[in-house]
Amino acid sequence: MILFAIGGFLVSRVTYTEQYSSQIMINVSNKDEDIVGLPSTYMTQSDAQASAMLAKNFKEIVENSNDFITAVQKQVNEKTGEDYSKKYIRSLINVRLVTDGTLVYVTATSTDKELAFIVATAIRDTYEDITKNAFQTANLTIADNPTPAELQTDTSIFIYTLVGLVFGAVLAVLILVIQNKIKNILLSSEDIKNRY
């Protein structure tokens, strides 16, 4: 068990790569109008449901829209002077919805601290132009600007060590059971006389 736990720890150290993340929080709301034609000052149940649906649709655009990723790619490539592909930039982006809510967390994660922040900033700068045509009845506002990229917490040490420990324990029990079965099967005539 200990050997496998140490092995898991060593694997986690060898395979570990520093990852930096920069996050944006976007609030999505339905800007429904009341009877007089002015924006509502309160949110109804239907507004909340529409906002939650708009948040899901926004997530879909960020994850799959060609226009969106092209706009982000253009900005990132201009700022960095590199030629990153759309596929690569999309792989850096993760979108998380607050369950049944209207908040959307968009995170850019990279091994390059500066690139993570540049991608997050490009998302902030381009999302409004791309989404205003798709969401004509929605109001998408930045609730929290991109954070400077921070080093992610490394959970791989714990996970790999635990997996090694569990695998080692299972293997040890399996070896003991097999050894006990074999010991009981392979008896000499002298062993049988002594035992029975």
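**Close-up views of the predicted model**

**View 1. Aspartate 125, with 34% relative accessibility, counts as partly exposed.** Here buried means under 20% relative accessible area, exposed over 50%, and partly exposed in between (1.4 Å probe, protein chains only). The model is predicted, so local features need pLDDT of at least 70 and side-chain atom pairs count only at pLDDT 80 or more, while totals for chains, interfaces and linings use all residues. Residues are numbered from 1 along each chain as its sequence is written, and side-chain values use heavy atoms, with hydrogens and water left out.

Aspartate 125 takes part in a salt bridge with lysine 79, in which the closest N and O atoms are 3.7 Å apart. The term denotes a side-chain nitrogen of Lys or Arg within 4 Å of a carboxyl oxygen of Asp or Glu. Because lysine 79 belongs to helix H3 and aspartate 125 to helix H5, this pair ties together parts that are 46 residues apart in sequence. Lysine 79 is itself partly exposed, with 42% relative accessibility. The side chain of aspartate 125 also meets that of arginine 124 in a salt bridge (2.9 Å, N to O). Arginine 124 has a relative accessible area of 27% and is therefore partly exposed.

**View 2. Within helix H2, glutamate 63 and lysine 59 form a salt bridge between their side chains.** The N to O distance is 2.9 Å. The two residues are four apart in the helix, about one turn. Glutamate 63 is partly exposed at 26% relative accessibility, and lysine 59 is partly exposed at 22%. The structure holds three salt bridges.

**View 3. Strand E3 pairs with strand E1 and with strand E2.** Helices (H or I, at least four residues) and strands (E, at least two) are DSSP runs, numbered from the N terminus; two strands pair if DSSP finds at least two bridges between them. Strand E3 spans residues 103-110 and is mostly covered, seven of its eight residues being buried. With strand E1 (residues 20-30), E3 pairs in the antiparallel sense over eight bridges. Methionine 25 stands opposite tyrosine 105 in E3. With strand E2 (residues 93-97), the pairing of E3 is again antiparallel and runs over five bridges. In that case valine 95 stands opposite valine 106 in E3. In a regular strand, side chains alternate between the two faces of the sheet.

View 4. Leaving out residues up to four places away in sequence, serine 22 touches Val106, Thr107, Ala108, Ala116, Phe117, Ala120, Pro146, Thr147 and Ala149. Contact means heavy atoms within 4.5 Å.

**View 5. The largest nonpolar core has 29 residues.** Such a core is a set of buried Ala, Val, Leu, Ile, Met, Phe, Trp, Tyr and Cys residues joined through side-chain atoms within 4.5 Å. Phe58, Val76, Ile93, Val106 and Val119 touch the most other members. At least two residues of this core come from each of E1, helix H2 (45-64), helix H3 (66-80), helix H4 (86-92), E2, E3 and helix H5 (113-134). H5 supplies the largest share, seven residues. Isoleucine 93 is in contact with Val62, Ile69, Val106, Thr107, Val119 and Ile123, its neighbours within four places in sequence being left aside. In soluble globular proteins, nonpolar side chains tend to be buried together.

**View 6. The whole chain, shown for orientation, contains seven helices and five strands.** Along the sequence these elements follow the pattern α-β-α-α-α-β-β-α-β-β-α-α. The chain has 196 residues, of which 31% count as buried. Of the contacts between residues at least 6 apart in sequence, 76% join residues at least 24 apart.
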